[in-house]
Amino acid sequence: MARKCTASINLSAIKENYLYAKSLAPNSKAIAIIKADAYGHGSIEVAKELNKVADAYGVACIEEAVELIDSGIDNTPILLLEGVFEKSELILVEKHSLIITVCNSIQLQWLLDADLNEPIDVFVKYDSGMGRLGFQDDSFIQAINLLEKSNNIGEITLMTHFSSADDLGSTLTTKQISNFDNTLYSEKYPASLANSAAILKWSESHREYVRPGIMLYGSSPFSEK
């Protein structure tokens with residue numbers, strides 16, 4: 001016979017973990033990653049607990065953002081980590097003053113072609129070596145050039161994601177930081193590089209924004225304890 005399983009969530013501990021992340025990168029703003037229902041911990045509950053201390057929230061998609069806003073979380077910036085999946089979503093992005101990530105040429109063109117009343121703030125993702133999402137080299141430069149000329153764009157922030165920051169014996173994170181720093185626009189715009197592992201162990205990656213995720217929920221990003 002199956003036994004009932006109950007999870008006890010300590011919201012104050014999550015808040016303490018967020019503040020700890022902030023203490024490790026004192027010159028950075030911290031985007032609390034609460035995508036996927038805050039890793040199963042309840043995004044609305046976590047956001048409300050963090051609401052007086054969080055610099056911003058990071059969610060995966062427009063539905064997650066709207067759910068937060070409908071629950072009353074409307075005074076803290078929300079970043080769509082994967083941007084929009086349809087051009088029509090830009091209507092909601094503008095309505096709710098969301099920040100979007102631009103990861104590819106399709107999203108870029110949707111944004112450039114949109115008929116907006118107010119400019120949208122964007123994070124432009126650079127593929128520094130992970131090989132999953134983001135613009136590479138010349139296409140990154142071209143994307144920035146187009147965004148700079150568009151009346152649809154407010155503030156521009158540069159972003160990348162590490163593939164192996166949880167592997168302290170790997171040289172890939174150092175290489176990705178170098179790749180990012182060698183981009184044409186690395187010193188012109190604010191940036192966000194560090195995930196949980198990089199917040200904890202790669203202080204050279206702490207820029208204007210850090211992105212604590214799994215560390216908020218009491219899990220270490222490292223295999224060793």
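This is a predicted model: local features need pLDDT of at least 70, side-chain atom pairs count only at pLDDT 80 or more; totals for chains, interfaces and linings use all residues.

Q: What is phi of aspartate 37?
A: Phi of aspartate 37 is near 55°, which is a positive value in a residue other than glycine. Alanine 36 also has phi near 55°, again a positive value in a residue other than glycine.

Q: Where does alanine 36 lie?
A: In helix H2, which covers residues 35-40.

Q: What kind of surface patch does Asp37 belong to?
A: A patch of negative charge, where Asp37 gathers with Glu45, Glu67 and Asp70 on the surface.

Q: Tell me about glutamate 67. Where does it lie?
A: Glutamate 67 is in helix H4, residues 62-70. With a relative accessible area of 41%, glutamate 67 is partly exposed.

Q: Changing topic: how many salt bridges does the structure hold?
A: Three. Side chains of opposite charge can pair when their charged atoms come close.

Q: OK, lysine 22. What does it form a salt bridge with?
A: With aspartate 55, and the closest N and O atoms are 2.6 Å apart. Lysine 22 lies in helix H1 (residues 11-24), while aspartate 55 is in the loop between helix H3 (43-50) and strand E2 (56-59), so the pair ties together parts that are 33 residues apart in sequence.

Q: And how accessible are lysine 22 and aspartate 55?
A: Lysine 22 is partly exposed, with a relative accessible area of 23%. For aspartate 55 the relative accessible area is 23%, and it is partly exposed too.

Q: Next, which residue does glutamate 148 form a salt bridge with?
A: Lysine 188, with the closest N and O atoms 2.8 Å apart. This pair links distant parts of the chain: glutamate 148 is in helix H7 (residues 137-149) and lysine 188 in the loop between helix H8 (172-181) and strand E7 (191-192), 40 residues apart.

Q: Is lysine 188 buried or exposed?
A: Lysine 188 is exposed, with a relative accessible area of 52%.

Q: What about aspartate 181, which residue is its salt bridge with?
A: Aspartate 181 pairs with arginine 207, the closest N and O atoms being 2.9 Å apart. Aspartate 181 is in helix H8 and arginine 207 in the loop between helix H9 (196-201) and strand E8 (209-210), so parts that are 26 residues apart in sequence are tied together. Aspartate 181 has a relative accessible area of 33%, so it counts as partly exposed.

Q: Zooming out, how many helices and strands does the protein chain have?
A: Nine helices and eight strands.

Q: And what about overall dimensions? What does the C-alpha trace span?
A: About 60 × 45 × 40 Å along the principal axes of the protein chain.

Q: Last one: what share of the residues count as buried?
A: Of the 225 residues of the protein chain, 48% do.

Methods:
Residues are numbered from 1 along each chain as its sequence is written. Side-chain values use heavy atoms; hydrogens and water are left out. Patches are made of residues with over 30% relative accessible area and no salt bridge: like charges are joined within 9 Å, nonpolar side chains (Val, Leu, Ile, Met, Phe, Trp, Tyr) within 5 Å. Accessible areas come from the Shrake-Rupley method with a 1.4 Å probe; for residues, only the protein chains shown count as cover. A salt bridge is a side-chain nitrogen of Lys or Arg within 4 Å of a carboxyl oxygen of Asp or Glu. Lys and Arg count as positive and Asp and Glu as negative; His and the chain ends are not counted. The place of a charge is taken as NZ of Lys, CZ of Arg, CG of Asp or CD of Glu. Helices (H or I, at least four residues) and strands (E, at least two) are DSSP runs, numbered from the N terminus. Buried means under 20% relative accessible area, exposed over 50%, partly exposed in between (1.4 Å probe, protein chains only).
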